[in-house]
Amino acid sequence: MADSEAARARDNLSDPEFLELLLAHAHDGLAVIDPGGAIVASTPSLDRMLGHGAGDLVGVDGLSLIHPDDIEHVALRLAEYVSGSNDGPDVRTRLRRADGTYAHVELVAPDFAPINDEVGGIILTVRDVTQRREAEEALRDVRILHEAVAAIAACFVDADPDSVDQGINHALSLLGDAAAVDRAYFFSVTEDLTMMTNTHEWCAPGITAEISTLQAVDLSSMPRWRDTLVRGHSVHIRRVSELEADWGPERAEFERQGIRSVVAVPLMNAGRLRGFVGMDSVVRDRTWDDDTLRMLRAVVSLLASLLARCEAQREADVHEARYRALVQHSSDTIVLLDRDGRLIFSAGRSTPLGFTPARITGMHAMEFVHPDDHFVAGRALQDLLNGAQHAGPFEMRLRDAEENWVPVEVVASNLLENRAVGGIIVGFRDIRERIRAESELRASEARLRTLVKNIPGAVYRCEASPPYADEFISDAVFALTGYSAEQFLTDEVLYDDLILPGHRGRTDVELEDALRARRPFVIEYPIRHRDGSVRWIVEQGQASYDADGEPVWLDGVMFDVTERKQLEDRLAHDAAHDPLTGMPNRTLLLETLDAALKRAARTHLHVGVLFLDLDRFKLVNDALGHAAGDDLLIAFAQRLQGVLRSSDLAARTGGDEFVVVCTDMESPVDAEHLAHRIALTLGTPFDVRGREVFVTASIGIAVAEDHTTGGELVRYSDAAAYRAKERGRNRYEVFDQALRAATAAALETETALHRALAEDQLLLHYQPIIDLAHRHAVGFEALVRWEHPRRGLLGPDQFLAAAEASGLIVPIGCRVVEMASEALSRLDAPYTLAVNLSPRELAQPDLVDRIRATLSNAGADPTRLCLEITESALLEDADLALATLGQLKDAGVLLAIDDFGTGYSSLNYLRRLPVDIVKIDRSFLAELGRGGAGDTIIAGIIGLTLGLGLEVVAEGIEHPEQAAALLELGCTRGQGFLYSRPVSYDDAVAYQTGSSAQLP
């Protein structure tokens, strides 16, 4: 009995109805994916799993069903599987259901050939693991519903494509011979009726074949031919030469092929043109009789039937192969029980529990069940035998071939009365992995509880709409607010009520904006702690949404950032205030000034700015030290605050510079009154570390006019203060039209200087340095000139002051050194070239490295370059000057003190300087040679210089008497208009080649 049942079950594998019913009750879904990614077959269980009707998934791009976040991973795994780099993807992902939600699934592929040739694609088992996945992610315990999965298949007679082609060719040869034509052929037509292709052709002996030239022919090129066949009518052309004009395109094509007569019959399918059979006469004109035409139509009918039958058989073969593969390769184990509960058939991806089908066939199902599960399994089996249609899913333990107890999930369906099946289909799957995952989930939940408990903030979940009732909040909320979690969960305290009133509206708006944009939110606000203190909170989280896209819950965490907020406030204060005096700095000053100007525009009051520059403050630093200087600045700031009105603001903007903003003045004169009060308060000496110190200030005043900006007002007052300092210090000056014009001119010059640098408008002129005894040039001094596009050639007195004030003197100096180095590389040795360095250049930290690089790039000898520094520049920062000059000396260049005698340097200081040359200022040469004090001063300078072992050069020699007197006093070198004005480089080169007789 068992053997006959088993034999009958095996025979059922070739029964399409049996296989189809078997797959209809399979627990998992199965699909076939073609190499292009399209679903070409799916089981009903997969359709149900994703909420689709039968066959809806066929033709759908499989990747389009995958959740966007999973596509890259799934595609990679499938590609690896197809390439053979893994045994099967076995990958988890999410598939989109028909209602737009996602099902969590496992994609499992067979562990043999990735692409099954029989079905034309990859066979995938789709296992719904939504229950397991949702349990892991949402901490819910939703059981996965399973259905009995059975395989269904249908078998169709196979048709060999090669035999179809042979049949068509044979039919065309018979047709051609019988009709006594020169060609017989078959054309296929594309579904959109745009192209036709000659697929089969027979030619009589001696007739040229045309099949190679008639591939993918555009049907629109033969419109009458196309329209006739599309309507299902035959074409019968007795003489091509007699075709009417509207058949012009066709006639041209026929004549190209040498056709004289032609006939064609359409091959129609479901009212649509699929192709046509035609015959040509090339040797002579032909008129086919009705018998020939009927034979042609019969051939077309036969061909249509043959093609339809082959297509149907091909589809049947594919359909059968797919369903057979789906049954045989199901990832679940499927067994069939007879009425006695014995196994008569098994199928699936693997052998059931490690047993071969032959070994377990005939065994009773209860022999595999764990004793403790006999009651559950026995009752389910009995219910099915008594007529129940389904059982399960339920869990039990089954014995495998190695005597291990394997936990499984079982579903069963009663198909005893189905003649194709005649048994109970039982599907079961190994759930060891799920049990392990659930165990890990429980451990993860425990870790999560510990983590939430130890987070230094309050974790919560609340409703996503006011009043934001809490569903959960951690105990850390007590430290945050002073209230317990229980008080919030029972609505005894509403968290929203703790937010300070001035911030509630803002926090609601920020939260609503985040929810509307479906993005996480980060909101900062203050709350009132239970102890009355204000705490600053940062709340960050995100919403969860329902199927309609409406926010349901807010999940987030709140942190106490009070200390950070206080630090930010301190940093904000420090960023806007001077760290030494505590006064506002330039940033806060300009903000206040801009606000005052806007207010003045409405109130028609006046705004003034006082720029204060302490006179000779550097002397205090040099004499008493920087610490004493700081004490003096603090004391001055306090005294200044004492004379201001409550509406005024004083700021420190530089080392010894202060700016006062006078707001809401009734008259511009009020600013002068304040300047007078400041001067009076400075009449009292300051006590600086036990020393009595008097300080005065140069004050510049600027009063705003219409459309004056804050920056302009500060700049105008600075210019006025500079004029006060020029006019003797300890006074104030008011910015007026004359000063405005001078400032505008300076600004224009500064702007033009930027362009001059960019457009290379600067150049050098060269004044010879003369050996006074022998009257020939020994070197040159390079002097910068500006070739102004409108004003012509400008000397340094016309633009260097603006360059110094704007800081452009540094890039100008860089350019001068570059041009001088290039000129020096072309000058004959041993001529030297002198270049002036400004005080600002001397203070640049990269000066030495830049000069080294410039000389190296030009290929110039550093020992022939002389850098001239004014005496006053050396005194501004003696220590820095000494260090920089030492480094320049190490670089090999010559150093000279320019305008010597105009400063206040001591003999000891001069002795310490690493210089080579001292240049006597031209102002001392005016009285030279007249026997007055001028002779004595110059004699002293020359004697001092020579005594220190330095070379001396006199500047500004204009008369022969001056040159003679200098020689007599020991000065051997000089320069001046007596010998030459500054000239171009070419003139300088010519000058160095001139004879001494040419010199005065």
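Buried means under 20% relative accessible area, exposed over 50%, and partly exposed in between, with a 1.4 Å probe and protein chains only. The model is predicted: local features need pLDDT of at least 70, side-chain atom pairs count only at pLDDT 80 or more, and totals for chains, interfaces and linings use all residues. Residues are numbered from 1 along each chain as its sequence is written, and side-chain values use heavy atoms, with hydrogens and water left out.

**Exercise 1.** Classify the ring pair of tyrosine 716 and phenylalanine 735.

*Solution.* 
- Start with the rule. Rings of Phe, Tyr and Trp (its six-membered ring) pair if their centres lie within 6.5 Å; planes under 30 degrees apart count as stacked, over 60 as edge-to-face and the rest as tilted.
- Search the whole structure: 13 aromatic pairs turn up.
- Take tyrosine 716 and phenylalanine 735: their centres are 4.4 Å apart and their planes 10° apart, a stacked pair.
- Tyrosine 716 sits in helix 21 (residues 710-726), and phenylalanine 735 in the loop between strand 30 (731-734) and helix 22 (737-758). Helices (H or I, at least four residues) and strands (E, at least two) are DSSP runs, numbered from the N terminus.
- Check burial: tyrosine 716 and phenylalanine 735 are both buried.

**Exercise 2.** Why is the pair of tryptophan 786 and phenylalanine 799 edge-to-face?

*Solution.* 
- The ring centres of tryptophan 786 and phenylalanine 799 are 5.5 Å apart and the planes stand at 85°, so the pair is edge-to-face.
- Tryptophan 786 belongs to strand 32 (residues 776-788) and phenylalanine 799 to the loop between strand 33 (792-794) and helix 23 (800-806), so the pair ties together parts 13 residues apart in sequence.
- Tryptophan 786 and phenylalanine 799 are both buried.

**Exercise 3.** Which residues have the most contacts inside the largest nonpolar core?

*Solution.* 
- A nonpolar core is a set of buried Ala, Val, Leu, Ile, Met, Phe, Trp, Tyr and Cys residues joined through side-chain atoms within 4.5 Å.
- The largest has 71 residues, and those with the most contacts inside it are Tyr766, Leu833, Leu867, Leu888, Ile957 and Leu966.
- Helix 24 (residues 809-826) gives the most to this core: nine residues.
- A second, separate core has 31 residues, including Met583 and Phe636.
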